[in-house]
Amino acid sequence: MGLLTFSINVTLDGCVDHQEGIADDETHAFFTRLMDEAGAMLWGRVTYEMMESYWPAVARGDEEAPPAMREWAIKLEAKPKYVVSSTRKDFPWTNSHHIAGNLRAGVQKLKDATPAGVLLGSGKLATELDRLELIDEYKFLVHPRIAGHGPTLYQSGLPGTRRLELVSAKPLRGGAVAMHYRRAR
């Protein structure tokens, strides 16, 4: 069984708005490495639609992008992408699959079938999966910014505090810190 790893950009005040992070070669390399190591991506519908609106065009060469971003887009195109949605059923982007029905059963089945692990990149979905105790690891890229607005991490709350064990913390040149935690068992 593979691990489910939640990874996201987050500011010091908990904002997970994708426009608030530092977008440089080093932060891009961080997420590229995570994607390369994972066997599949897992998103909620909103994140999927945001990604679908831009990255396939970059992979095709229809959007201007630096070489590192184009390489990432091509890798993302090939990576299996799983989407949890109760409102949308059709996911035409290459290698996209719908997880419908019972959330716990669907995600557990995905974890069981993906020995290299699953990389989760949606904040709202992470809250639901954390409530179900399905997340094994957290790899946050903490940016040296205070956004002063939302959306924020775990905005709708959890039933209790999650104890985590620090695996590593690596400062990046731009001031962000790559934080790796594992659920305390």
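T47 counts as buried because its relative accessibility is 16%, where buried denotes under 20% relative accessible area, exposed over 50% and partly exposed in between (1.4 Å probe, protein chains only). The structure is a predicted model, in which local features need pLDDT of at least 70, side-chain atom pairs count only at pLDDT 80 or more, and totals for chains, interfaces and linings use all residues. Residues are numbered from 1 along each chain as its sequence is written, and side-chain values use heavy atoms, with hydrogens and water left out.

T47 lies in helix α2, which spans residues 45-52; helices (H or I, at least four residues) and strands (E, at least two) are DSSP runs, numbered from the N terminus. When residues up to four places away in sequence are not counted, T47 touches G121 and S122, a contact being defined by heavy atoms within 4.5 Å.

V10, a residue of strand β1, is also buried, with a relative accessible area of 6%. Leaving aside residues up to four places away in sequence, V10 touches C15, V16, F140, L141, V142, H143 and L153. The C-alpha atoms of V10 and T152 are separated by 8.2 Å, although these residues are 142 residues apart along the chain.

Helix α5 comprises residues 103-113, of which G106, V107, L110 and K111 are buried. These buried residues line one face of the helix, because they fall within an arc of 135° when α5 is seen down its axis; the arc is that of the directions from the helix axis to the C-beta atoms. The exposed residues K109 and A113 are carried on the face turned away from the buried side of α5. The packing partners of the buried residues of α5 are the strands β1 (4-11), β2 (40-44), β3 (81-84), β4 (96-99) and β5 (118-120), together with helix α6 (123-131).

Considered as a whole, the protein has 6 helices and 8 strands, arranged along the sequence as β-α-β-α-α-α-β-β-α-β-α-β-β-β. Its radius of gyration is 16 Å, which agrees with the value near 16 Å for a compact globule of 185 residues; this radius is taken over C-alpha atoms, and the globule rule is 2.2 Å times the number of residues to the power 0.38. The C-alpha atoms fill a box of roughly 45 × 40 × 30 Å along the principal axes. Of the 185 residues, 45% count as buried. Among contacts with a separation of 6 or more, 71% are accounted for by residues 24 or more positions apart.
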